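Here is a short tour of a model for you to follow on screen. Please keep the viewer open as you read.

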Amino acid sequence: MLETLEALAHGFSIALSWQNVLWALAGVTLGTMVGILPGIGPALTVALLLPVTFNLDPIASFIMFAGIYYGGMYGGSTTSILLNTPGESASIITAIEGNQMARRGRGAAALATAAIGSFVAGTIATVALTFVAPVMVRVGLAFGPADYFALMILAFTTVTAVLGSSLARGLTSLLFGIGLGMVGIDLQSGQARYTLGSLELLDGINVITVAVGLFAVGETFYVASRLRRGNQKVEAIKGSIWMNREEWSRSWRPWLRGALLGFPLGSLPAGGAEIPTFLSYTIEKRLSKNPEEFGKGAIEGVAGPEAANNSAAAGVLVPLLTLGIPTSATAAIMLAAFQQFGLQPGPLLFQRAPDLVWGLIASLYVGNAMLLVLNLPLVGMWVRLLTIPRPLLYAGILVFATLGVYSLSNSIVDLITLYAIGVVGFLMRRFGFPVAPAVIGMILGPLAEQQFRRALAISQGDYSVFFTRPLSLTLMIVAALALLVPVALDMRAKRKGRTVEVDD
Amino acid sequence: MEQQIQGRRPVAWGDLLVALGVVGLGAYFLQGAYRIRVLPSYSNIGPRFFPFLVAFALLACGAVLCVQALRGVRGIPEEAEDVDADAPTDWRALLVMGGALVVNLLLMRRGGFIVASTALYLGVALAFHERNWLRAVLIGAALSTAIYLAFTELLGLTLPAGIVPL
């Protein structure tokens, strides 16, 4: 415990250098901006910045990326409160209550409770991260390749089973990603795979190209094909930013409950922040003294879920930093960022690059504080972003996307790949295939294969090793449950639905 | 007395095409897996294992998706901020946008980054029903020039200059 505090103190000494503070500021500002703007999110932003930060100091880059990550959460809630159409599913809940509050002239209070709640929960979660990380590192050191493989299988199953409309679609997306990751030279045997005789493909397909293609180009194609006509109404921010006593007293408990709920759920390989926010909403509704207000602008319905959202975001960093397992698309891109700098997150990272890890964790505290200042008093400024005409916005996104990918190796082939993947991204969105599993599959797939083959090399071809090691066996069972339970529940629901129809 | 017959849902043609595409993808990975050369001296799990696994799994998923599509089960299109999920697909917008991308590819080397990006900007803006094309050209040119300068001067990356004397 004392060692952790020492490490954290050292981290602060790094995070509080004026350069790193500026990088943190850049990150959170950028993050808030992209969180507010439609069509572009934290995952895409980090992917686009990867080529740019190549020559920069890794600590500074990661401080900026973390700022973007957190900032994206804050910005997203601003949009869902002021505009009735949120992009991500985690923001839907905030939109329900928050937008209602805005319509009733209490928009400023909604923004305030979201921002303060995010700060409180974010800070609590970062404290939790600080103390849980070293413990997880010790656990991680006991992992052998078979256990790592089982853990990655768990990550795969939870990502496909929870996200997306159907299992077959989620699985297809995941397999597509894994397949893309297999292109190139197989490191363990030196053989070329799927390279179509091309020298360029020997190096594999760059994950940035795929990420930008799926997120930026694919999204833009999709929005172009179904553009919402007419301007959306942006609610004016009315009321005082400083919440009154009643609003405070109704908010602080949901903040704490949201924080406690979000962190553990976010750190499990359970795919993202939707579950904690929905759960928080349900809990707040049950515990509220004014449940009839829900649906019409209950402040608890904003305070709780926003807190849960932010602490889940910090939770996602736990498996990412301590075990190298990403549990969301943004986490997968951050993993790719680590790889780009030649670092492999996991227990060894804490030993080999403590400056980076603890500097990063310390800067999360700094970033959270900055975000509070950015998002409350300055919110009027951010709101202007919502009024950018869509044609100009999306055109700009594509120019940046082209630039980002072209600057990787000045190759037209990269651009062709980018646009082709963009078409795939469009098809995926149009036909209900979730995009996140493809990114996770592409980044985690090669690692999973590596661990699989290592495990079998060590056990000399004995496949039962995955089921005889206790850790591996447990993880495999959980993975199987994660896959089968939703399917079973779904079938039960369908059977019940059918009986009702027949009775009619 | 009218009896309500539970009608069969119509085949989801779009989804069926995509499902067939997935099967095709699986087949592609399968034949690619056969082509991977394995050194006879390599005794461990070879480089073919995972590719075969992925290929078979994709074929299985494709088959399931085909069955679903034939039964009329449609994928649910994604909801997003600027999207009206119930609207029919605007093919004109897609074609204009695709055209803008192709133009960008053609112009990038010869015309240079600034020219290509301005054309791209204009094309995408038009695809999104921007009426004031002059404004789009001006903003596109300004944005592209700013990015070009920032990247080449400040960050030291190289971008094709093309016909613009910078």
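Let's begin at one residue: leaving out residues up to four places away in sequence, A:Val439 touches A:Gly177, A:Ala211, A:Leu214, A:Ala329, A:Ala332 and A:Ile333. Contact here has C-beta atoms, placed from the backbone, within 7 Å. Please bear in mind that this is a predicted model, where local features need pLDDT of at least 70, side-chain atom pairs count only at pLDDT 80 or more, and totals for chains, interfaces and linings use all residues. Residues are numbered from 1 along each chain as its sequence is written, while chains are lettered from A and ligands numbered from 1 in the order in which they are written.

**The nonpolar core**
- A:Val439 is among the residues with the most contacts inside the largest nonpolar core, along with A:Ala211, A:Val212, A:Ile333 and B:Val124.
- That core has 210 residues; a nonpolar core is a set of buried Ala, Val, Leu, Ile, Met, Phe, Trp, Tyr and Cys residues joined through C-beta atoms within 7 Å.
- "Buried" stands for 20 or more other C-beta atoms within 10 Å of a residue's own, "exposed" for 12 or fewer, and "partly exposed" for values in between, with C-beta atoms placed from the backbone.
- Helix α5 (residues 92–141) of chain A gives the most to this core, with 18 residues.
- Chain B takes part too: the core draws at least three residues from each of domain 1 (13–70) and domain 2 (91–154) of chain B.
- The bounds of these domains come from an automatic or database domain assignment, and their C-alpha centres lie 38 Å apart.

**Chain A as a whole**
- Chain A has 21 helices and 2 strands, which are DSSP runs (H or I, at least four residues, for helices; E, at least two, for strands) numbered from the N terminus.
- Its C-alpha trace spans about 70 × 65 × 50 Å along the principal axes.
- The radius of gyration of chain A is 23 Å, which agrees with the value near 23 Å for a compact globule of 504 residues; this radius is taken over C-alpha atoms, and the globule rule is 2.2 Å times the number of residues to the power 0.38.
- Buried residues make up 62% of the 504 residues in chain A.

**Where chain A meets chain B**
- The contact takes 56 residues from chain A and 64 residues from chain B.
- On the chain A side, α7 (167–182), α9 (207–225), α17 (390–409), α18 (412–430) and α19 (436–458) each supply at least two residues.
- α17(A) gives the most to this side, with 11 residues.

**A buried asparagine**
- A:Asn310 is found in helix α12 (residues 300–323) of chain A.
- Why does A:Asn310 count as buried? It has 36 other C-beta atoms within 10 Å.
- Beyond its neighbours within four places in sequence, A:Asn310 is in contact with A:Met73, A:Ser118, A:Ala121, A:Gly122, A:Ala125 and A:Gly262.

**Two loop residues with positive phi**
- A:Tyr194, in the loop between β2 (192–193) and α8 (199–202) of chain A, has a positive phi of about 55° although it is not a glycine.
- A:Tyr194 counts as partly exposed, with 19 C-beta neighbours inside 10 Å.
- A:Asn410 sits in the loop between α17 and α18 of chain A, and its phi is near 45°, a positive value in a residue other than glycine.
- A:Asn410 counts as partly exposed because it has 14 C-beta neighbours inside 10 Å.

Definitions and conventions. Two residues are in contact if their C-beta atoms, placed from the backbone, lie within 7 Å.
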